[in-house]
Amino acid sequence: MDRRDFLNWARNGLASAASASLLLRDGALRAGTPDEPGASGVIPPHFSPRASRAIHICLCGAMSHVDSFDHKPELIRAHGQSLVSDERPDVFFGQVGRLRAPDWTFRPRGQSGLMISELFPELAELADELTIIRSMYAETSNHTPAMFQENSGFRLNGFPALGSWLSYGLGSEADDLPAFVVIPDARELPAGGAIHWSNGFLPAQHQGVMIRSEGAPIEDLFPDRPVDPGAEAASRSLLEAMNRDHLASRSGDDAFAARIQAYELAARMQAAVPEVASLAAEGPETLALYGIDRPESAPFGRSCLLARRLLERGVRFVQLFSGGTFGSPRRNWDGHEDVRQNHGQEAARIDRPVAGLLRDLRRRGLLDDTIVLFTTEFGRTPFTQSAADVVGTGRDHNQYGFSVWLAGAGLKPGIAYGSTDELGWKAVESPVHWNDFHATVLHLLGLDHERLTFYHNGIQRRLTNVHGRVLRDLLA
């Protein structure tokens with residue numbers, strides 16, 4: 001390069017590179033990599049998205065749909081009777097007791113008239129924001145495989161979570177925060193732990209990053225003793241040079257490249273995370289809106305408020321978990337012994353925070369390009385888990401029919417889609433599989449579930465496997 005070419009490059013090339021960097025950071029321009037060999041070659045997003053980010057609230061342990069979002073008058077009338085069926089119900093603990101009416105009263109809510117029970121009194125006030133699916137079904141009634149399917153579309157571990165697919169397909173809008181953040185229940189991690197936010201076979205940079213809403217947001221993010229700024233800068237410079245040389249000798253080593261990116265991101269997060277995780281700047285009205293002024297709802301309220309703050313700073317996908325592992329006493333939604341006690345306890349923890357989150361997103365204009373997902377791995381039986389001649393107090397697992405809801409960008413609000421039978425046992429009208437649910441979420445975010453692929457072990461893998469359909473009746 002002669003002197004004139006160098007000056008031209010310095011004047012034009014550097015300015016163009018800087019401009020492109022700023023446009024990428026601000027989301028006005030998006031970098032894309034063509035799909036893996038054998039795929040369509042289309043660069044995501046595949047079409048104009050309805051939403052640019054999402055929050056996923058996962059209720060671990062299986063929330064009872066017949067006590068919350070699926071009103072069944074016939075179940076109320078049949079309370080205390082035996083189930084009349086040509087088949088023996090296949091339930092997890094093998095006990096089929098008498099039918100039990102819901103423990104909470106249903107009534108029509110809002111202008112839409114959606115029937116929602118008193119289990120979620122605050123959330124019920126926002127019925128006109130909700131798009132309820134009442135005909136979900138799963139392929140297993142075992143918690144951990146069902147949670148795998150809820151998150152990754154497959155009942156086996158080792159497959160990428162929804163958040164990882166979104167990170168892979170859309171990238172991050174933030175320079176100093178990951179695309180996919182997970183906020184666990186303040187009490188403990190869900191059964192299976194970090195495997196639920198695994199990147200699977202996708203590049204390692206797309207795995208979820210866990211941030212806690214209480215205590216240290218991220219463990220070991222800071223050194224345990226002060227380090228001189230000059231020494232810190234020098235050590236990072238040396239580490240960068242060593243990593244660069246080592247990576248050059250290990251061409252194609254995705255794990256090592258991802259580790260370098262993780263360390264670089266961690267360095268940037270040292271400045272970003274303390275600021276985003278601190279709720280000191282939030283006023284008392286906002287804290288009360290999320291229920292942080294109440295002891296029962298404060299932990300999940302902090303998680304929901306942290307999720308909103310993360311979205312505002314460019315995080316693509318935030319996943320919150322309500323409930324932990326399966327022990328005694330119950331710390332999740334697994335109401336085998338006593339649904340009223342169990343669900344009453346868990347709903348009190350999340351009702352106001354989730355309603356506050358929806359209200360806050362709406363008033364800030366964020367709900368116009370954000371989708372909120374509220375799911376559980378399966379439902380619970382309309383009959384009790386007890387002896388055949390007893391009306392017990394608990395309900396067993398039910399994979400055959402249950403309810404979830406969505407809210408926000410691109411959705412028809414205030415509607416219910418599909419239905420279970422008259423007792424709430426099985427999905428009978430417009431059954432929805434997790435593949436269909438995931439296809440619809442991807443569609444709202446501008447991604448075609450059939451074209452978002454990754455070549456792995458001889459297969460163009462998809463979040464939706466070889467199935468899935470977009471639920472267009474849900475779309476505005």
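**Close-up views of a predicted model**

View 1. Asp 421 itself is placed in the loop between β13 and β14 (427–429). Although Asp 421 is buried, it has no salt bridge, and the nearest side chain of opposite charge, that of Lys 72, is 6.0 Å away. Apart from neighbours within four places in sequence, the residues in contact with Asp 421 are Lys 72, Lys 426 and Val 428.

**View 2. Ser 419 in strand β13.** Strand β13 covers residues 419–420 and includes Ser 419, which counts as buried because its relative accessibility is 17%, and the cut-off for a buried residue is under 20%. When neighbours within four places in sequence are set aside, Ser 419 is in contact with Arg 134 and Ser 135, and also with Lys 426, Ala 427, Val 428 and Glu 429. Gly 401 is 18 residues from Ser 419 along the chain, and the C-alpha atoms of the two are separated by 8.4 Å.

**View 3. Helix α11 and the elements that cover it.** Helix α11 (residues 434–444) is largely enclosed by the rest of the structure, because eleven of its eleven residues are buried. Among these buried residues are Trp 434, Phe 437, Val 441 and Leu 442, together with Asn 435, Asp 436, His 438 and His 443. The cover over the buried residues of α11 includes the strands β4 (130–136), β8 (370–376) and β11 (402–408), as well as the helices α4 (143–152) and α5 (162–170). Just after α11, Gly 446 adopts a positive phi of about 85 degrees.

View 4. With a relative accessible area of 8%, Ser 167 is buried, and its side chain makes a polar contact of 2.8 Å with the side chain of His 206. Not counting residues up to four places away in sequence, Ser 167 touches Ala 179 and His 206.

**View 5. Model confidence along the chain.** The mean pLDDT of the chain is 88, and 85% of its residues reach 70 or more. Over residues 9–42, however, pLDDT stays under 50, and for this stretch the model has 36 contacts beyond four places in sequence.

Definitions and conventions: Residues numbered from 1 in each chain as written. Predicted model: local features only at pLDDT ≥ 70, side-chain atom pairs only at ≥ 80, totals over all residues. Heavy atoms only, no water. pLDDT = per-residue confidence, 0-100. Contact = heavy atoms within 4.5 Å. Buried < 20%, exposed > 50% of the residue type's maximum accessible area, 1.4 Å probe, protein only. Helix = DSSP H or I, 4+ residues; strand = E, 2+ residues; numbered from the N terminus. Lys, Arg positive; Asp, Glu negative; His and termini not counted. Salt bridge = Lys/Arg side-chain N within 4 Å of Asp/Glu carboxyl O. Polar contact = N/O pair within 3.5 Å; in protein donor to acceptor, adjacent residues only side chain to side chain.
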